[in-house]
Amino acid sequence: MKIALAQLNYHIGNFSDNIRKIKESIQRAKNQGADLVVFAELAISGYPPRDFLEFDDFIRRCHLAVEEIAAECYGIAAIVGCPVPNPDIKGKNLLNAALFLEEGQIRHEYYKALLPNYDVFDEYRYFEPGRKFDLVEFKGKRIAVTVCEDLWDLSNDPLYVINPMDELFRGKPDFIINIAASPFHYNQAEIRRNVLLENSRKYHLPVFYVNHVGAQTELLFDGGSVVIGPDARVWNEMKYFEEDFRIFDLDEVLTIAGTYSPDTDHKDRKISLIHDALVMGIRNYFQKLGFTKAILGLSGGIDSAVTLVLAAEALGVENVWAVLLPSSFSSDHSVKDAKDLAENLGCRHDLIPISTSYDILGETLEPWFKGLPFNIAEENLQARLRGVILMALSNKFGYILLNTSNKSEAAVGYGTLYGDMNGGISVLGDVYKTQVFELARYINRGKEIIPLNTIVKPPSAELRFNQKDSDSLPEYDILDQILFQYIELRKGPYEIVQQGFEEEMVKRVLWLVNTNEYKRHQTPPILRVSPKAFGMGRRMPIVARYLAI
């Protein structure tokens, strides 16, 4: 039996495009002699469809799409993911199904049994768990068809009360197929591979795994579909961050030991993975919304520099507009660094000083500000002026504004609402400041694109004379460690202090994180690259008093 894996970039609710891609892959598989072609979880609708699943019309169109795709399945079978109505009046109205299509019809339906309801997942909001575990018989083989999470409950502290693969294994399957929608973070590829290897090791069966690729707003899917041999060795791994299509001979997978050696040194690959994920995230956000051009404020600092390079790579340098918006507090070297970067890239750049506008606003507010010292109000005026100008240019010329704030700043509220926190998408909002510097060095690995001075100078918002970020915050190499312990690892203040961090610093940092939740609720979607990003995967109350100073 020859099995084709189709790793595709779907578009939520874009039925015509999703159908076209699936039909083209079925024809391609048929032309190359495949017996079965496999697509990802909820391929018909795109993942995650979220509350579109509450619309009867959306489900009806999913059904019509399946009928159209099934009509292509003569002389070849297909497995495709789709939401389907629950025939039982009890429970949720939908099931997350893997449909086996053959001879123009749905010959078998397998329903996802384990519905993740943590971090970015909320599948139990929509779906009823499957409770039937039947194998698919096809061309003399018995197939255990599973959907994503159904293979993941292998830990010593099981999250669920049933293991679907244990149930399917009683029927003596010949191999496992798992269709998935596994979102990217920088550790996920290694975790995912280990889960699949453990299934092969436990059941002594080959595993054919198909993942989504592409970005759906903030969720990024890295692909990396894989075939694992019955000897619990990787047989072959498909591309990352790209569509891919490959055909495998089941007899070879069953009888020949796996020899493929994937790159398992993900620690060293971490920054390159983040880089590739962000480029894909920007590109797909623009493509799927029908946008082509991006604008951003280029300050001469590290965050806007990295964002500009990523955007140029994603959209083409001709589609990115950098705007320099210096004030009287901006240093000459920052303006020069910004110009040098834009010229290194060859992208459009314009200089629009804000000093005159700032002075006019100061005069307007003088009757109320009279006699009061310069403080954050005047600092924020500058940031908001920049935001106003960038949004005006965006509206006038149809460019989408990229937000350049990093995760460290977003965590502690070191940014101005309606100013530098503006944007259609946040590129670096899940990248700590120390990681931004790593990205800059990665970008410069072949030649100097980002000026060296941008990388080595002390970070500064330049909203007052001689300002440095360290005037208001701990040094980033310390701050980011504390933030990681609290945000990603969910450690409390006592646990963090026990690691050797100064107690008052820890208390203040955690207080800043919690009291700035209201700001993060008003920021653009953040491209997710870590195991715990701000946004849909981290849900915190705004008015809570936990860890208040």
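A charge is taken to sit over a ring when NZ of Lys or CZ of Arg is within 6 Å of the ring centre and within 35 degrees of the ring normal. By that criterion the charged end of Arg520 sits over the ring of Phe534, 4.5 Å from its centre, and Lys92 lies over the face of Tyr124, at 3.6 Å from the ring centre.

Before I go on, please keep in mind that this is a predicted model, in which local features need pLDDT of at least 70 and side-chain atom pairs count only at pLDDT 80 or more, while totals for chains, interfaces and linings use all residues. Residues are numbered from 1 along each chain as its sequence is written, and side-chain values use heavy atoms, with hydrogens and water left out.

Now to the ring pairs. Rings of Phe, Tyr and Trp (its six-membered ring) pair if their centres lie within 6.5 Å, with planes under 30 degrees apart counted as stacked, over 60 as edge-to-face and the rest as tilted. Searching the whole structure gives 15 aromatic pairs. One of them is the edge-to-face pair of Tyr47 and Phe221, at 6.1 Å centre to centre and 85° between the planes. Tyr47 lies in the loop between β2 (36-38) and α2 (56-70) and Phe221 in strand β11 (residues 219-222), so this pair ties together parts that are 174 residues apart in sequence; helices (H or I, at least four residues) and strands (E, at least two) are DSSP runs, numbered from the N terminus.

Are these two residues buried or exposed? Tyr47 counts as buried at 4% relative accessibility, and Phe221 counts as buried at 1%, where buried means under 20% relative accessible area, exposed over 50%, and partly exposed in between (1.4 Å probe, protein chains only).
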